[in-house]
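Welcome, and thanks for taking a look.

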Amino acid sequence: MSTRASDISARTIFSLAFPALGVLAASPLYLLLDTAIIGRLGAAELAALAAGTTVQSTVTTQLTFLSYGTTARSSRLYGQGKRDEAIAEGVQATWVGIAVGLLLAAIVWIFAYPIALALTGDPATAERTTSWLHVSAFAIPLTLIVMAGNGWLRGIQNVRWPLYFTLAGVIPGAIAIPIFVQWWGLVGSAAANVLGVAITSSCFLTALIKQHHGDWRPRWSIMKRQLVLGRDLIMRSLSFQVAFISAAAVAARVGVVALAAHQIMLQLWNFITLVLDSLAIAAQTLTGSALGSGNVNNARQVGTKVTFYSTVFAAGLALVFGIGAPWIQRIFTTDEAVLEQMSTPWWLLLAMIVAGGVVFALDGVLLGASDAVFLRNLTIASVLLGFLPGVWISYLVDGGLTGIWVGLLVFILIRMVGVVVRFRSMAWAVVDK
């Protein structure tokens, strides 16, 4: 049964958010372990791993619509009391994941070497990367199955199973890394990755088989709607990449010290967005369910409450990062020049955290309402009108790292204004999508 607006409390929201955070955090933590173990083999292997994981993540992260888009559609049906149809959305999303995944895996397999060479510029490193990609390519369709599984289970407000399934794969995969690397070197890393994802995807498929009682045939009418929603979310994701790649490029032109400081702050921001995104997932699930029940007022109340809790949580994070700045910064570097570079931009990061509490929560609300076209247009406009002009003007006038983070802050603030205005307009609250 869907959750009523009167039931929406901090406990309800965080009971959805915390398991989602575990799922979101598992992959970065796994990659850190993988990097640490491969790093012991040498710089050449580490460079090849960096190139390989870049290709793999670029291919898969562009297809997050399989989770977010499926959650939006599935939660709406779940809110209507149509649990079987909500799960059926997962069947069609899984078919999309398998088809697209096999295509992408074939492309990566066939063009692994030219892709790796273009990325690394070194034939020897490209050869190593190609060997890694030829094994890890098998994980691509499996990863997309996992994304689809996360989507339909979040849609029916079951966030614990995805956490259990993720851990069921990540833990054996992590244990296998040092063993496989000892046996097969760099390729062992890819084999451990495939093993872990295979276990997790098998768990999701088993759950789908047990929960779904209807037709298993691919239905193009449903898959087409999922792909249209996916198109908008992919364009939105590409806009994010343009913004942050541009920031790194300008930081590199400012100097090595500025680039080092930027990298530290960017990784911290990525961690914070991970935390806030877990709250966005809760917002998405609850909003979709409320709209599915046909009660627009409930959907609005859900959005208001989730945004309040997210903003309070973000303000708490900002307070921690503000008070703990001297200690947090020195965890990552003791270089006084780098610390000096971070001193002013750090306050901009704190402002981004607070604004991000609003942005991420309302992003989740609008995603739950399948308002992907608006989110796509807003993100593109934020990049083109806010971030890119700001960051490149900063470069031209020698604004340094502070100027870059001003550009990033403007990017977040434009998005914040946009989602707040959109939410207040209630134009997103359509119950018959």
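The count of aromatic pairs comes to 12, where rings of Phe, Tyr and Trp (its six-membered ring) pair if their centres lie within 6.5 Å, with planes under 30 degrees apart counted as stacked, over 60 as edge-to-face and the rest as tilted. Please keep in mind that this is a predicted model, in which local features need pLDDT of at least 70 and side-chain atom pairs count only at pLDDT 80 or more, while totals for chains, interfaces and linings use all residues. Residues are numbered from 1 along each chain as its sequence is written, and side-chain values use heavy atoms, with hydrogens and water left out.

**Aromatic contacts**

- Phe-180 and Trp-184 form a tilted pair, with 5.0 Å centre to centre and 50° between the planes.
- Both Phe-180 and Trp-184 belong to helix 8 (residues 160–184), where they are 4 residues apart, about one turn of the helix; helices here are DSSP runs (H or I, at least four residues), numbered from the N terminus.
- Phe-180 counts as buried at 15% relative accessibility, whereas Trp-184 counts as partly exposed at 48%. The cut-offs are under 20% relative accessible area for buried, over 50% for exposed and in between for partly exposed (1.4 Å probe, protein chains only).
- One aromatic cluster is formed by Phe-14, Phe-18 and Phe-313.
- Over the ring of Tyr-68 sits the charged end of Arg-154, 6.0 Å from the ring centre; the rule asks for NZ of Lys or CZ of Arg within 6 Å of the ring centre and within 35 degrees of the ring normal.

**Salt bridges**

- The structure holds 5 salt bridges, each a side-chain nitrogen of Lys or Arg within 4 Å of a carboxyl oxygen of Asp or Glu.
- Among them is the bridge between Arg-73 and Glu-89, whose closest N and O atoms are 2.9 Å apart. This pair links distant parts of the chain, with Arg-73 in helix 3 and Glu-89 in helix 4 (residues 83–110), 16 residues apart.
- Arg-73 is buried at a relative accessible area of 17%, and Glu-89 is buried at 5%.
- Arg-415 bridges to Asp-363, the closest N and O atoms being 2.8 Å apart. Arg-415 lies in helix 17 (residues 400–425) and Asp-363 in helix 15 (residues 345–368), so the pair ties together parts that are 52 residues apart in sequence.
- Arg-415 counts as buried at 4% relative accessibility, and Asp-363 is buried with a relative accessible area of 5%.
- Asp-215 and Arg-217 form another salt bridge, with closest N and O atoms 2.8 Å apart. Here Asp-215 is partly exposed at 37%, and Arg-217 counts as exposed at 59%.

**Enclosed space**

- There is 1 cavity of 30 Å³ or more. A cavity is a set of points, on a 1 Å grid over the protein atoms alone, where a 1.4 Å probe fits but cannot get out, and lining residues have an atom within 4 Å of a point.
- The largest cavity contains about 40 Å³ of space, a volume being the space filled by probe spheres set on the points.
- Its lining is made up of Phe-65, Leu-66, Gly-69, Thr-70, Arg-73, Gln-226 and Leu-229. Helix 3 (65–79) and helix 10 (220–254) are the elements that give two or more residues to this lining, and helix 3 supplies the largest share, 5 residues.

How values were computed:
On a 1 Å grid over the protein atoms alone, a cavity is a set of points where a 1.4 Å probe fits but cannot get out, and a pocket is an open set with protein on both sides within 12 Å along at least five of seven lines; lining residues have an atom within 4 Å of a point.
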